[in-house]
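I opened this notebook to record, entry by entry, what I looked up in one structure.

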Number of protein chains: 2
Amino acid sequence: MSTKRRGGRSRPMVSEISRSQRYRQLKHPFDPQTIFSSDEIVSIHNTALKVIQTLGIKTLLPEARDIFKSAGARVKDEMVFIGEDIVASALKTAPSSIILSAANPENVLTYKNGALIFSPGAGCPNIFDRERGRRPGDLNAYIETIKLHQSFDVIHKLGPSAEPQDIATHLRHYSTMQAQMEFSDKPMFVYARGTKQTQDSFKMIRLGLNLSEEEWNGGVWGTTVINSNSPRMLDRPMAQGIIDFARANQMTIITPFCLAGAMAPITVSGALTLQHAEALVGITLAQLVKSGAPVSYGGFASNVDMKSGSPAFGTPEHIKMQIGSGQLARHIKLPWRSAAGSASNIADSQGTTENMSGIWGSLMANASLTIHAAGWLEGGLTFGYEKYITDIEALQTVAELCTKTEATEAEIGFDALREVEPGGHFFAAKHTMDRYQTAFYSPLVSDLSNNGTWLKAGAKTAYERATDIWKNTLENYEQPETGKEVSDRLANFIEKRSSEGGAPIIE
Amino acid sequence: MSTKRRGGRSRPMVSEISRSQRYRQLKHPFDPQTIFSSDEIVSIHNTALKVIQTLGIKTLLPEARDIFKSAGARVKDEMVFIGEDIVASALKTAPSSIILSAANPENVLTYKNGALIFSPGAGCPNIFDRERGRRPGDLNAYIETIKLHQSFDVIHKLGPSAEPQDIATHLRHYSTMQAQMEFSDKPMFVYARGTKQTQDSFKMIRLGLNLSEEEWNGGVWGTTVINSNSPRMLDRPMAQGIIDFARANQMTIITPFCLAGAMAPITVSGALTLQHAEALVGITLAQLVKSGAPVSYGGFASNVDMKSGSPAFGTPEHIKMQIGSGQLARHIKLPWRSAAGSASNIADSQGTTENMSGIWGSLMANASLTIHAAGWLEGGLTFGYEKYITDIEALQTVAELCTKTEATEAEIGFDALREVEPGGHFFAAKHTMDRYQTAFYSPLVSDLSNNGTWLKAGAKTAYERATDIWKNTLENYEQPETGKEVSDRLANFIEKRSSEGGAPIIE
């Protein structure tokens with residue numbers, strides 16, 4: 001849990017403070033793994049180029065078709081056929097390292113291969129917790145989830161966990177942008193729901209954080225996710241988002257959502273070929289709009305469940321596609337996002353198995369960013385507060401692996417080994433006493449008490465214990481300094497824009 | 001679930017049959033990872049040698065002390081000080097590859113570095129399931145758990161999951177050995193609880209499986225786990241076990257149980273130094289008894305929970321110790337065992353987080369054998385039937401990653417990509433139709449149905465669904481052919497030995 005807040009209360013245990021803070025700016029602890037040979041990766045890459053060039057991408061936004069056409073692509077009706085030279089040029093200018101700015105300098109991220117960034121479950125129309133039940137997302141839940149994300153250092157970047165459906169869509173971005181800046185100081189998420197909303201959002205960042213023109217222009221303050229409509233279609237808002245963000249030097253994460261057997265071929269290599277083709281098209285569009293625009297490769301491929309037809313997460317196929325996506329991203333030398341997530345209806349062992357499979361898949365794949373790393377239920381239809389807490393435990397466990405394990409002479413402790421008699425114990429050894437406060441990760445949810453103690457205390461499951469934890473976290477939440485003037489700074493702008501009719505979502 | 005049984009019913013889905021069978025004889029899908037540099041590993045190894053040579057190991061069994069002394073070790077009272085040349089010689093003769101025999105040739109294992117072998121939660125005095133509650137282990141539970149292990153191909157080797165406390169200790173091995181052979185055809189576990197019990201057990205294997213002298217002598221039919229009494233003590237039954245098993249050419253797995261901060265130094269490198277020292281002593285004893293005796297390096301180090309003082313599992317420190325153990329095992333070029341496990345009191349998300357951390361730790365560490373891979377609750381005090389089922393899901397997910405992912409032209413499916421219109425779907429594509437029955441892993445416990453359907457069906461958690469699964473598994477269990485004559489073959493021997501008073505456990 002984040003503890004170093006300006007003016008905040010200090011906590012009693014030094015160990016927890018230092019451990020929490022070291023969950024920031026993580027680097028991958030493990031080497032990237034492979035499922036395909038280099039030849040196979042080249043073959044998938046080349047097949048994707050062939051898809052783009054010969055089968056084409058249906059591009060619904062006329063402006064996007066014009067941009068492709070100007071670059072030399074063939075356009076026929078809504079279909080765009082892009083030559084591989086155009087794609088190759090785009091890959092040369094797409095940046096391999098992107099600084100994600102944040103109100104708090106300690107939360108600034110470098111988005112590049114090797115970075116290990118977690119962002120929370122996002123895009124959920126519903127929310128759930130054990131006390132209030134399952135209900136449509138609202139602004140209160142949006143704000144509560146931002147407060148949770150601010151409170152855990154292992155969540156590095158914000159995401160729109162709960163959709164605030166109590167706010168009309170043409171005004172919603174005023175509330176969500178304000179809430180992110182008011183209640184957090186981490187890198188922000190901006191929905192790409194039409195040029196007017198995007199421009200409003202960017203303006204609000206400048207106003208809310210009191211950024212100079214230079215500070216705004218020099219940094220990536222907002223990122224968004226662009227989901228192509230697989231197979232082979234780029235719809236209007238998504239194409240518009242790529243254009244708007246590239247022009248403003250803000251980051252798009254191009255993420256085809258390729259469900260093998262449904263909107264993508266049923267094989268891992270087939271689904272990845274389609275994902276790769278669509279991602280390359282989005283990256284190319286961004287670079288054609290502005291050379292060097294911050295843009296990320298994205299992979300969020302999994303399979304459908306053959307019994308229900310539903311999207312499945314954390315399956316072996318999901319993990320394989322993560323690893324294959326990592327190979328493809330490294331092939332084109334770009335940082336990239338992956339995703340964990342869960343289809344479970346509740347924070348049970350299914351939900352944990354699924355999400356942890358995705359987390360470890362991201363580790364094997366060396367994903368730069370793992371979205372939906374905590375809190376997703378029902379394949380993203382619901383954000384679960386308890387699920388979020390139990391998933392945080394898995395993330396913190398992984399974050400601990402990023403620290404160097406020492407094996408100096410002092411650390412090995414031959415003297416302690418000499419000091420303790422055969423069959424004795426190390427509880428009172430100096431080597432132990434010097435280190436016991438900081439030696440081990442302190443669990444967030446796990447209860448290590450024995451069966452009798454556990455039964456007497458009410459036999460609570462981790463799911464039940466998680467309720468107290470998110471409630472305590474919200475109770476102990478402290479607003480970041482940078483958030484305190486945000487609502488004053490934004491009041492006039494929001495009032496004016498609201499009175500002008502806000503900004504409609506484009507379909 | 002295992003389906004290829006002689007004379008067994010065939011199952012409807014071809015896909016399930018082939019998938020289950022390919023969970024046998026797994027090889028690690030990922031490269032071994034590191035937490036220490038090569039220099040640090042050398043430093044830990046050398047410090048361990050220094051511990052053995054200068055601090056010594058308390059060895060309670062006189063015969064073991066004599067064996068060490070004959071080899072040139074210095075012995076003073078119960079303390080044994082072994083020179084590094086003696087250890088080095090032992091490491092030269094310890095085998096790097098061991099065939100683990102089984103009644104069914106399809107279940108024979110090659111125990112070596114690179115192999116990925118899972119065995120179930122073991123050594124539990126209590127058992128738990130949702131219908132019958134928590135209770136002391138008995139023979140019925142022992143048999144039921146053997147039937148479960150026989151039914152899942154991803155469980156490669158037997159382990160004594162439930163301790164049958166309704167059978168007197170001097171007769172218990174007659175029941176457990178018979179049950180393993182009668183109800184399973186996988187590699188067996190033999191407790192090392194004194195020479196007489198060990199000899200009885202070995203004799204029963206020869207009789208029960210009707211092995212010729214040649215077959216018995218040529219194979220490793222029984223393995224046991226030797227836990228040293230950390231720190232630096234080898235007790236009587238354990239030393240006796242190493243001697244008895246080595247003489248009979250059966251396998252011991254030398255496993256110090258080093259809990260950092262309690263019976264081992266509080267640091268990862270310190271606990272591993274102690275583990276390494278004790279394991280080297282056990283391996284050396286085995287080799288001194290019989291050069292080339294099958295013996296395995298073992299690591300089961302974790303930390304204590306600082307709140308409760310209880311052993312913790314699946315912690316970051318546990319994972320780090322797994323990875324470090326793998327480095328040490330590879331340094332001495334021996335196959336080795338690790339362990340997963342859970343301290344949770346119930347099959348909840350805590351239990352799953354802990355066990356999956358251990359499973360993935362084993363993958364990162366490239367452990368040859370992962371013990372306690374499914375079913376452990378309460379740090380091994382209880383074997384949970386539901387926990388077993390939910391853990392099997394995680395193991396099967398991992399097993400799926402061991403298969404080659406194809407990226408041939410046919411598999412990529414450019415024709416399917418051409419066939420499906422932009423924005424369309426692949427449900428009816430020939431590429432899909434040709435593969436849909438076998439394309440994806442079919443979950444064991446996971447329920448992918450949507451929230452409405454799930455609620456209508458009773459809103460069961462994975463934990464609750466697991467009850468039906470273990471019950472169905474036991475109902476559909478089929479005895480292996482090799483088990484059918486076992487009780488007849490053993491009847492006279494057991495009757496005779498029982499009437500002679502059985503064989504007491506040595507303390």
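**Entry 1. Conventions.** I noted that this is a predicted model, in which local features need pLDDT of at least 70 and side-chain atom pairs count only at pLDDT 80 or more, while totals for chains, interfaces and linings use all residues. Residues are numbered from 1 along each chain as its sequence is written, and chains are lettered from A and ligands numbered from 1 in the order in which they are written.

**Entry 2. A sheet in chain A.** I looked up an open sheet of four strands in chain A, and its order is β3-β4-β2-β12, with mixed pairing. Helices (H or I, at least four residues) and strands (E, at least two) are DSSP runs, numbered from the N terminus. Two strands pair if DSSP finds at least two bridges between them. At the edges of this sheet I found β3 (74–76) and β12 (233–234) of chain A, each of which pairs on one side only. Strand β2 (residues 57–59) of chain A runs parallel to β12(A), and two bridges join them. I recorded one bridge by its residues: Lys58(A) has Met233(A) in β12(A) as its partner.

Entry 3. I next looked up Pro231(A), which lies in the loop between β11 (222–226) and β12 of chain A. The peptide bond that leads from Ser230(A) to Pro231(A) is cis, with omega near -5°. Pro231(B) is in the loop between β11 and β12 (233–234) of chain B.

**Entry 4. Strand β11 of chain B.** Is this strand enclosed or open? I found that five of the five residues of β11 (residues 222–226) of chain B are buried, so the strand is largely enclosed by the rest of the structure. A residue is buried if 20 or more other C-beta atoms lie within 10 Å of its own, exposed if 12 or fewer, and partly exposed in between; C-beta atoms are placed from the backbone. In a regular strand the side chains alternate between the two faces of the sheet. I therefore listed the faces of β11(B) separately: Gly222(B), Thr224(B) and Ile226(B) are on one side, Thr223(B) and Val225(B) are on the other, and all are buried.

I then looked up the partners of β11(B). Strand β10 (residues 188–189) of chain B is joined to β11(B) by two bridges, and the two run parallel. Met188(B) stands opposite Gly222(B). Strand β13 (residues 251–254) of chain B also runs parallel to β11(B), with four bridges between them. Here the bridge partner of Thr223(B) is Met251(B).

**Entry 5. Ile254 of chain A.** I located Ile254(A) in strand β13 (residues 251–254) of chain A. Ile254(A) is buried, with 30 other C-beta atoms within 10 Å. Two residues are in contact if their C-beta atoms, placed from the backbone, lie within 7 Å. Leaving out residues up to four places away in sequence, I found that Ile254(A) touches several others, among them Ile226(A), Ala279(A), Ile283(A), Val295(A) and Tyr297(A). Ile254(A) and Tyr297(A) are 43 residues apart in sequence, yet 5.6 Å apart in space, C-alpha to C-alpha.

**Entry 6. Ala459 in both chains.** I found Ala459(A) in the loop between α17 (451–456) and α18 (462–475) of chain A. Its phi is near 50°, a positive value in a residue other than glycine. Ala459(A) is exposed, with 11 other C-beta atoms within 10 Å. For Ala459(B), phi is near 50°, and this residue is exposed, with 11 other C-beta atoms within 10 Å. The loop that holds Ala459(B) runs between α17 (451–456) and α18 (462–476) of chain B.

**Entry 7. Contact between the chains.** How many residues does each chain bring to the contact? I recorded 99 residues from chain A and 99 residues from chain B. On the side of chain A that touches chain B, the largest share, nine residues, comes from helix α12 (residues 349–365) of chain A. By class, this side has 46 nonpolar, 35 polar and 18 charged residues. Ala, Val, Leu, Ile, Met, Phe, Trp, Tyr, Cys and Pro count as nonpolar, Asp, Glu, Lys and Arg as charged, and the others, Gly among them, as polar.
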